[in-house]
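I opened this notebook to record which annotated positions and ligand surroundings I looked up. The entries follow the order of the look-ups.

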Amino acid sequence: MSGTFKIKGGKRLQGEITPQGAKNEALQILCAILLTDEEIRIKNIPDIHDVNRLIEILGDFGVKITKNGHGDYTFKADAVNFGYVKSDGFREDGSKLRGSIMLLGPMLARFGEAYMPTPGGDKIGRRRLDTHFQGFVELGAEFNYDDSHYLYSLKAKELQGKFILLEEASVTGTANIVMAAVLAKGRTSIYNAACEPYLQQLCKMLNRMGAQISGIGSNLLIIDGVQKLGGTEHTMLPDMVEIGSWIGLAAMTKSEITIKNVNWDELGVIPNTFRKLGIMLERRGDDIYIPAQDNYKIQKFIDGSILTVSDAPWPGFTPDLLSIILVVATQAQGTVLVHQKMFESRLFFVDKLIDMGAQIILCDPHRATVVGLNHESPLRGTTLVSPDIRAGNALLIAALSAQGDSLIHNIEQIDRGYENIDGRLRAIGAEITRV
Ligand SMILES: CC(=O)N[C@H]1[C@@H](OP(=O)(O)OP(=O)(O)OC[C@H]2O[C@@H](n3ccc(=O)[nH]c3=O)[C@H](O)[C@@H]2O)O[C@H](CO)[C@@H](O)[C@@H]1O
Ligand SMILES: C=C(OP(=O)(O)O)C(=O)O
């Protein structure tokens, strides 16, 4: 088990917090650098475990990496050591994170073959990769899965564009297929494509590199293959999951917090979903201002029935923020049903919140009903273990609001996705230390 956070809860926080560059965008963008032998400069890269692991993998691939400053790197994949992907080292490194799966598309497009161990990432239920391989096979790749070594491989002398109807709007699946299709022959149409902002960012970057992608932001992407891609510069968006988490943190700790430079126009339904829990938040320029609130009241549906917050592919509500919604609801006034449709093992952490005094009924692996305590009795500090990246942050927020001390173990899960989270929380008054 990795490190531990010690938290003294129950304090009001105050001040400004700036979201890091987006983790899940960074993972897509970093994989795309393999598509060209020219220089790509990327800014606002978050300094977090998953991203740093992917940068290390690129280095082992032979990619030249220059650090220009904090979160600012230049990459040049002009002398790639392809032998690395067949090595035991890659088998181990690639399996440590989920995002590495998106190396497949660029490898296949540029080198005609690709290998990947079963990727890592959160253990939050089944996480099938069928959509990725369906797309590659439709583009003409030969697919093989060696189940004794958990190794996927793909081969294609040439990729040929075609109309692909995805079984599901997979985020990393769409990114992977797009990155393969940009160098394929002819036109690829991807229907039922995921269209979240990070994928839009990827497509825009690829276009700056010379790709021809249209339909960006919709669920029908049209990609006219080109022979070669060139260099570019790219800046990562702020992380929308962090932004949502800080809204939740402010409400749970009754704190006045300004979240800086949030890129509001890319936040979709996130601000309004928190408003439905009764949390006041204001757009101020490109910041979100959350006043200190002693109470927040969950809205009902128009017909008076209990509010449901559920996830859906973009522009629906991201599943990565449902753990935060759940924790924030524990101190709201009213009742909400949290319905996690995509992942089947992401709600089990409610047991820990129940131990802390929260009123939650886990209806089944996908649904939990939360009856808010209206801040009439605080959660109680306790010893917790972070089960996954987002539940880990949700428990951290619960601990910051709780009466007494808490310990959170296994914080490697939190460090996977949040840059210097303890330092940034201390800067707004939180009592949190690494022990
Ligand atoms: C590295 C990265 O970027 N990870 C994100 C990415 O994971 P990832 O790309 O792995 O997730 P997918 O979009 O493929 O799918 C997520 C889950 O939802 C299911 N599904 C998906 C689409 C759909 O139309 N119907 C459906 O049921 C899938 O079967 C799967 O269980 O997107 C997820 C969904 O936003 C996020 O939680 C992850 O943080
Ligand atoms: C589930 C997540 O990450 P990963 O896909 O990397 O496991 C997440 O970012 O919430």
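Entry 1: I began with the UniProt record, an unreviewed entry, which places the feature "binding site" at Lys23 and Asn24. UniProt positions are given in the numbering used here, feature names are shortened, and annotations may be inferred rather than shown by experiment. I noted that this is a predicted model, in which local features need pLDDT of at least 70 and side-chain atom pairs count only at pLDDT 80 or more, while totals for chains, interfaces and linings use all residues. Residues are numbered from 1 along each chain as its sequence is written, and chains are lettered from A and ligands numbered from 1 in the order in which they are written.

I located Lys23 in helix H1, and Asn24 is placed in helix H1 as well. Helices (H or I, at least four residues) and strands (E, at least two) are DSSP runs, numbered from the N terminus.

Entry 2: Are Lys23 and Asn24 buried or exposed? Lys23 is buried, because 25 other C-beta atoms lie within 10 Å; Asn24 is buried with 24. I used these cut-offs: buried means 20 or more other C-beta atoms within 10 Å of the residue's own, exposed means 12 or fewer, and partly exposed lies in between, with C-beta atoms placed from the backbone.

I then checked the whole helix. Ten of the ten residues of H1 are buried, so H1 is largely enclosed by the rest of the structure. The cover over these buried residues includes strand E3 (39-43), helix H2 (49-60), H4, H6, helix H7 (197-208) and strand E13 (232-235). Leaving aside neighbours within four places in sequence, I found Lys23 in contact (C-beta atoms, placed from the backbone, within 7 Å) with Pro46, Ile48, Asp50, Val51, Asp239 and Gly417.

**Entry 3: ligand 2.** Which residues surround ligand 2? I listed Lys23, Asn24, Asp50, Arg98, Gly99, Gly121, Asp122, Asp320, Ile389, Arg390 and Gly417. A residue counts as near a molecule if its C-beta atom, placed from the backbone, lies within 6 Å of it. H1 and helix H12 (389-401) each supply at least two residues of this shell. By class, I recorded one nonpolar, four polar and six charged residues around ligand 2. Ala, Val, Leu, Ile, Met, Phe, Trp, Tyr, Cys and Pro count as nonpolar, Asp, Glu, Lys and Arg as charged, and the others, Gly among them, as polar. Domain 1 (4-20 + 238-434) and domain 2 (23-235) each give at least three residues to the shell around ligand 2; the bounds come from an automatic or database domain assignment.

**Entry 4: ligand 1.** I found 19 residues around ligand 1, the closest being Asn24, Ser170, Val171, Thr172 and Met342. Helix H6 (171-181) and H1 (23-32) each supply at least two residues, and H6 gives the largest share, three. The shell around ligand 1 divides into eight nonpolar, six polar and five charged residues.

**Entry 5: further annotated positions.** The unreviewed UniProt entry also places "binding site" at Arg98, Asp320 and Met342. Arg98 sits in the loop between helix H3 (88-94) and helix H4 (104-111). Arg98 is partly exposed, with 18 other C-beta atoms within 10 Å. Met342 lies in the loop between strand E18 (335-339) and helix H11 (350-355), and is partly exposed because 19 C-beta neighbours fall inside 10 Å.

How values were computed: Two residues are in contact if their C-beta atoms, placed from the backbone, lie within 7 Å.
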